[in-house]
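Student: Please take one part of this model and go through it slowly. I would like to see how its pieces are arranged.

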Amino acid sequence: MSFAAFAAEQLLFTPTAAAVDAASVVFAFPNEYSIGITSLGYQVIWARLAQRPDLQVSRLFTDIHESLPTKPELLGFSVSWELDYINILRLLESLHIPLRASQRGEAHPLVFGGGPVLTANPEPFADFFDVVLLGDGETLLDDFINTYQAVRTTNRTAQLRSLAQVPGVYIPSLYTITYRDLDGPIACIQPIDNAIPAQVHKQTYRGNVLSASTVVTEKAAWENIFMVEVVRSCPEMCRFCLASYLTLPFRTASLEGSLIPAVESGLAVTHRLGLLGASVTQHPEFEDLLDYLNQSKYDSVRFSMASVRTNTVNQKLAETLVKHDTRSITIAIESGSERVRQIVNKKLQNDEIIQAAVNAQAGGLSALKLYGMAGVPGEEMDDLAQTIAIIKAIKQAAPGLRLTLGCSTFVPKAHTPFQWFGVNPQAQKRLKYLQKQLRPQGIDFRPESYNWSVIQALISRGDRRLSTLLELVRHYGDTLGSYRRAFKELRSQLPPLEFYVHADWPTDQILPWEHLQGPLPKTTLLKHLASATEHFSNSHSRDSLTEAKGALVP
Ligand code: SF4
């Protein structure tokens with residue numbers, strides 16, 4: 001990738017010329033350009049920064065960068081994948097900035113970060129950031145920059161204390177964490193003094209104009225795609241789902257005021273459209289959007305969308321996708337067992353799954369991708385047998401479809417009702433069992449790496465003690481073995497891997513993100529958890545879960 005990549009960009013906004021005394025900002029994506037520029041979040045935040053005359057912004061990726069200031073005042077990271085932390089540390093080193101916030105002084109920029117990974121649980125990375133922005137960027141970013149500009153000439157400590165007063169701006173160094181033992185759970189999380197808010201509230205944008213691409217380029221991982229956000233969050237609230245719980249409430253883009261103008265401006269420069277959102281087909285005017293996209297002037301447009309809600313797959317949707325050069329559709333069923341779907345609050349019946357496949361085939365699609373999960377809390381072997389049975393039933397009902405089942409392991413996520421459950425160590429065996437049963441039937445079974453799920457869970461439920469571990473691991477490689485090696489080296493300085501990953505945590509244990517308030521209070525999450533455990537069977541095979549059920553339901 002050469003610097004010519006920037007020249008290939010078609011901008012859909014006009015950057016503002018920076019004023020003479022503008023603050024210099026480096027805005028980084030901790031991965032290669034082709035990946036970063038395909039992130040809608042990165043595009044949108046970059047454009048907002050670049051439209052402020054009080055900032056001079058340069059972009060930085062791991063492979064290329066724009067001309068960088070010798071002494072930036074701010075260095076921002078948009079973080080959308082957990083393991084990109086390795087690249088954050090590398091980029092800090094390449095810019096000669098100390099890795100830890102505590103080692104930075106007046107000569108160094110304020111290092112800020114945002115994005116889904118940090119909003120969910122910033123704690124494993126907290127020591128690397130001076131500032132973390134929690135929540136939607138729409139208002140939060142300007143609030144952050146405006147406050148920074150107001151205190152720009154004061155010293156670093158005064159800047160951080162002022163920024164801590166901005167809703168949604170989290171300054172990790174201003175909170176003290178104490179532990180019951182060095183390798184035990186958290187005992188207390190406290191601001192360093194009374195002037196610092198005890199709780200930081202994630203910020204929620206409530207407008208009906210949602211995000212759309214600010215740049216289109218052939219160098220993006222999804223070549224020349226124009227992305228438009230149709231909905232934000234998901235009203236279904238599956239109990240494990242970060243995409244729903246972390247971003248509540250469910251919001252929809254106005255058809256006339258947001259979606260159509262965005263699509264028109266994007267399709268003036270490209271013929272590839274991505275409809276983004278956790279549940280796009282649940283937009284109340286989705287049918288009208290399809291009618292709009294079905295106009296003959298858009299016949300050559302290729303469009304794609306993320307997974308859609310199973311019972312919204314009708315023949316019209318399938319026909320529209322086919323007309324626009326998409327041959328497959330993805331639906332998340334989680335499990336073939338209705339009981340497991342009740343546990344996770346997936347409001348879906350087996351006959352609706354079969355009907356979706358029949359509709360997809362009738363509409364001319366050639367492939368159906370299903371997503372499932374193994375190791376869901378309360379799952380038993382019989383539930384897996386039901387997953388196998390439904391896949392067979394789909395094959396029978398829609399024999400013309402090429403079937404794929406992608407299957408991940410349940411991973412607990414902060415701010416969801418399942419945050420207290422650990423990863424089921426049996427999940428790996430269960431994935432193998434599904435594979436053994438399904439592949440001989442001609443089903444393309446694609447398990448997600450179990451080891452990767454373990455690493456995800458570690459980061460997802462990690463606390464600040466992990467920062468030392470993460471610094472070590474990056475020198476060992478990114479396999480689970482590397483993490484185990486680092487845990488061994490740091491034994492007795494932090495809890496074992498099993499504590500973070502596999503243990504079911506009592507609900508009165510202080511969570512690493514206890515001081516960071518998500519959309520729903522803990523009392524509501526506990527109620528949702530209790531409604532899930534009601535569906536647990538008395539004879540489930542996971543011993544620890546039996547104990548957990550008692551511990552979890554107050
Ligand atoms: S339907 Fe999908 S996006 Fe919505 S809450 Fe459930 S898993 Fe999440």
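Tutor: Start with helix α3, residues 40–50, which lies across β2, β3 and β4. The helix runs at about 155° to β3. Keep in mind that this is a predicted model.

Now look at the sheet that these strands belong to. Strands of a sheet pair through backbone hydrogen bonds, either parallel or antiparallel. Here six strands form an open sheet, and the pairing is mixed. Read across the sheet, the order is β3-β2-β4-β5-β6-β7. Strand β3 (55–60) stands at one edge and β7 (169–170) at the other, each with a single partner strand, so one side of each has no neighbour in the sheet.

Next, follow one pair inside this order. Strand β2 covers residues 23–28 and strand β4 covers residues 74–78. The two run parallel and are joined by four bridges. To find a place where they face each other, go to A28, which stands opposite F77 in β4.

Two packed helices are described by the angle between their axes and the distance between the axes. For helix α13 (residues 350–362) and helix α14 (residues 381–397), the axes come within 9 Å and cross at roughly 35°. Their crossing is right-handed. On the α13 side the contact involves N350, I353, I354, A357 and V358, which meet I390, A393, I394 and A397 in α14. By class, this contact has eight nonpolar residues, one polar residue and no charged residues.

Notes:
Residues numbered from 1 in each chain as written. Predicted model: local features only at pLDDT ≥ 70, side-chain atom pairs only at ≥ 80, totals over all residues. Axes fitted to C-alpha atoms, helices over the stretch in contact; angles between N-to-C directions. Left-handed = near helix turned anticlockwise from the far one by under 90°. Contact = placed C-beta atoms within 7 Å. Nonpolar A, V, L, I, M, F, W, Y, C, P; charged D, E, K, R; others polar. Pairing = 2+ DSSP bridges.
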